Amino acid sequence: MGAFWGTRVMEIVKKHDSGGLIWKRIKLTSTRKANAKTRLRRVWQNEAVLKACGTSDASVSPGVSNTESCTRALKK
């Protein structure tokens with residue numbers, strides 16, 4: 001997980017009072033860093049499931065739809 005190594009500041013986008021968006025720089029604490037890593041892992045896991053569901057068309061049982069088999073995979 002070298003994506004955050006060496007960085008001490010994280011930039012985020014916040015809504016401004018006047019209705020626009022503003023970039024804010026916040027200190028990257030160990031808690032924020034851990035939360036960002038957890039979020040990234042979750043995104044990667046979701047992408048892997050979606051990719052597996054997309055390629056599992058040929059391996060689906062005759063009586064089960066692709067959506068049902070992917071829903072079961074998500075619940076595991």
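**Exercise 1. Determine how strands E1 and E2 pair, and over how many bridges.**

Solution. Strand E1 covers residues 9–15 and strand E2 covers residues 21–27. The two pair in the antiparallel sense, over seven bridges. Strands count as paired if DSSP finds at least two bridges between them. Helices (H or I, at least four residues) and strands (E, at least two) are DSSP runs, numbered from the N terminus. The model is a predicted one, in which local features need pLDDT of at least 70 and side-chain atom pairs count only at pLDDT 80 or more, while totals for chains, interfaces and linings use all residues. Residues are numbered from 1 along each chain as its sequence is written, and side-chain values use heavy atoms, with hydrogens and water left out.

Next, take single positions. Lys15 stands opposite Leu21 in E2, and Glu11 has Arg25 in E2 as its bridge partner. Five residues lie between the strands of this hairpin, where Gly19 takes a positive phi near 105 degrees.

**Exercise 2. Find the salt bridge of the structure and state which parts it ties together.**

Solution. Start with the count: the structure holds one salt bridge, that is, a side-chain nitrogen of Lys or Arg within 4 Å of a carboxyl oxygen of Asp or Glu. The side chains that meet in it are those of Glu11 and Arg25, at 3.6 Å from N to O. Glu11 lies in strand E1 and Arg25 in strand E2, so the pair ties together parts that are 14 residues apart in sequence.

Then check the exposure of each partner. Buried means under 20% relative accessible area, exposed over 50%, and partly exposed in between (1.4 Å probe, protein chains only). Glu11, at 45%, is partly exposed, whereas Arg25, at 61%, is exposed.

**Exercise 3. Name the residues of the nonpolar surface patch and give their accessible area together.**

Solution. The patch consists of Val13, Leu21 and Trp23, with about 380 Å² of accessible area together. Patches are made of residues with over 30% relative accessible area and no salt bridge; like charges are joined within 9 Å, nonpolar side chains (Val, Leu, Ile, Met, Phe, Trp, Tyr) within 5 Å. Areas come from the Shrake-Rupley method with a 1.4 Å probe, and for residues only the protein chains shown count as cover. Val13 is found in strand E1 and, with a relative accessibility of 44%, counts as partly exposed.

**Exercise 4. Describe the surroundings of Arg8.**

Solution. Arg8 lies in the segment before E1 and is exposed, at 66% relative accessibility. Neighbours within four places in sequence aside, Arg8 is in contact (heavy atoms within 4.5 Å) with Ile26, Lys27 and Leu28. From Arg8 to Lys33 the distance is 9.6 Å, C-alpha to C-alpha, and the two are 25 residues apart in sequence.

**Exercise 5. State the order of elements in the chain and where confidence is lowest and highest.**

Solution. The chain has two helices and two strands, in the pattern β-β-α-α along the sequence. Of its 76 residues, 11% count as buried.

The chain has a mean of 76, and 63% of its residues reach 70 or more. Helix H1 (residues 30–55) is highest at 90, and helix H2 (residues 66–75) is lowest at a mean of 57. Where pLDDT is low, the predicted coordinates should not be read in detail.

Conventions. pLDDT = per-residue confidence, 0-100.
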